[in-house]
Amino acid sequence: MVPGTDARIRLAWPDVGADELAQVAEVLASGQLTMGPKVGELEAELARACEVEHAVAVSSGTAALHLAVLALGIGPGDEVLVPAYTFPATANVVALVGARPVLVEVDPETMNVDPAKIEVTPRTKAILAVHLFGRPARLEELPDVPLVEDAAGALGARRGSRACGGLGTLGCLSFHPRKIVTTGEGGAVTTNDAGIADSVRALRHHGWRADDMPAPGFNYRLSDILCAVGIPQLRRLSELHAARERLAAAYEERLRDLPLLLPRADDGDVHGWQAYVVQVERRDEILAALRAQGIEAQIGTYALHRLGAFRDQGSFPGADQAFERALALPFHSRLGEGDLDQVAEVLDKLVSSH
């Protein structure tokens, strides 16, 4: 190891550089750091990518989910169906509007919601379905109730011929640094419904509609500085996605003979490749061993019924299986062949040792 260098193989590394710096410099030179033209530019690129009429930029993926639920008029006494295996924000936003998140079992292989396990009641006002880690969910198999599409990790993914983020009543995106397009923190709501888009725009900006504030809202705006970071990436989304597809294929070539369940999309779908998440026995032991050898890895995400906030809803063995087995490997464009070889070699030794 050379003094002063970092020998770790990083879990994630945003794909940003000179183009993003130039866009940010342009904003700084303009003196208009928020509520300026870069917001509209980012939104136009997002609408194009998700093949929808409207995209509304907000301050985070969680803000997008929160405003989506509010825009549907969901509140106390209502229920929203949520996968039992997902990042907690998906369920948190339902609870925070006074409604009840009802956990639904997931398919332990796809790690997405299992349509066969969904039960709709008169209180069910929406389904909040997640394309987990970028794998498109089987949304066409869901009951006919309003669909909020959590596409936080699925920008660039497709379910059949249609773009994720444009499959539901609303779509919600995240631009966290582990996503294919990042603004540092940020998100967006996508929709073909002009009325819903107007509601989200008002809610993100304190509730203002023209020169009146008929109801209170939030400050969920995304600044022009952060939009400027995202715009160049959106304009090369197909290039970024192709790079991740190549990386996923390189992993599969190295790992296909190991006792792992490798990620894939359904036939005819395009995976979003937000992360490369395998499933493996003894996940916690293997995770600790990878980290000890300088390879950053992480659990997949959370089984919500194991968290204090959502412990009252029974057992979900599919979510338990996914939670106990899912392992996110380093996945970003700075990984070289040697890095991939090292990850594969260490994994081979760990999974073959028992």
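For the lining classes used in this talk, Ala, Val, Leu, Ile, Met, Phe, Trp, Tyr, Cys and Pro count as nonpolar, Asp, Glu, Lys and Arg as charged, and the others, Gly among them, as polar. The model is predicted, so local features need pLDDT of at least 70 and side-chain atom pairs count only at pLDDT 80 or more, while totals for chains, interfaces and linings use all residues. Residues are numbered from 1 along each chain as its sequence is written, and side-chain values use heavy atoms, with hydrogens and water left out.

I begin with the pockets. On a 1 Å grid over the protein atoms alone, a pocket is an open set of points where a 1.4 Å probe fits, with protein on both sides within 12 Å along at least five of seven lines; lining residues have an atom within 4 Å of a point. Grid points are joined across faces, edges and corners, and a volume is the space filled by probe spheres set on the points.

The second largest pocket has a volume of about 210 Å³. Helix α7 (237-255) and helix α10 (337-352) are the elements that give two or more residues to its lining; here helices are DSSP runs of H or I with at least four residues, strands are runs of E with at least two, and both are numbered from the N terminus. Of these, α7 gives the most, with six residues. The lining comprises 18 residues, and Ala243, Arg244, Leu247, His332 and Ser333 lie nearest the centre. By class, ten are nonpolar, three polar and five charged.

For the largest pocket, the volume is about 650 Å³. Its 30 lining residues include Phe87, Ala152, Lys179, Gln274 and Thr301, which lie nearest its centre. Two or more lining residues come from each of α3, α4, β8 (170-174) and β11 (298-299). Its lining divides into twelve nonpolar, 14 polar and four charged residues.

Helix α4 (residues 89-96) deserves a separate word. Its residues Ala89, Thr90, Ala91, Val93 and Val94 are buried, that is, under 20% relative accessible area with a 1.4 Å probe and protein chains only. These buried residues pack against α3 (61-71), β2 (79-83), β3 (100-104), β4 (124-130) and β5 (147-150). Just after α4, glycine 98 adopts a positive phi of about 90°.

I turn to the interior. A nonpolar core is a set of buried Ala, Val, Leu, Ile, Met, Phe, Trp, Tyr and Cys residues joined through side-chain atoms within 4.5 Å. The largest has 79 residues, and Tyr85, Leu255, Tyr276, Leu290, Leu327, Leu329 and Leu347 have the most contacts inside it. Apart from that core lies another, of 38 residues, including Val52, Ala55, Ala129 and Cys227.

Which loop holds glycine 134? It is the loop between β4 and β5. Glycine 134 counts as buried, at 0% relative accessibility. Leaving out residues up to four places away in sequence, glycine 134 touches Gly153, Ala154, Ala157, Val270, His271, Gly272, Trp273 and Gln274, where contact means heavy atoms within 4.5 Å. Its C-alpha atom is separated by 9.4 Å from that of arginine 158, 24 residues apart along the chain.

Finally, the cysteines. A disulfide is a pair of cysteine sulfur atoms within 2.5 Å, and by this rule the count is zero.

Note on methods: Buried < 20%, exposed > 50% of the residue type's maximum accessible area, 1.4 Å probe, protein only.
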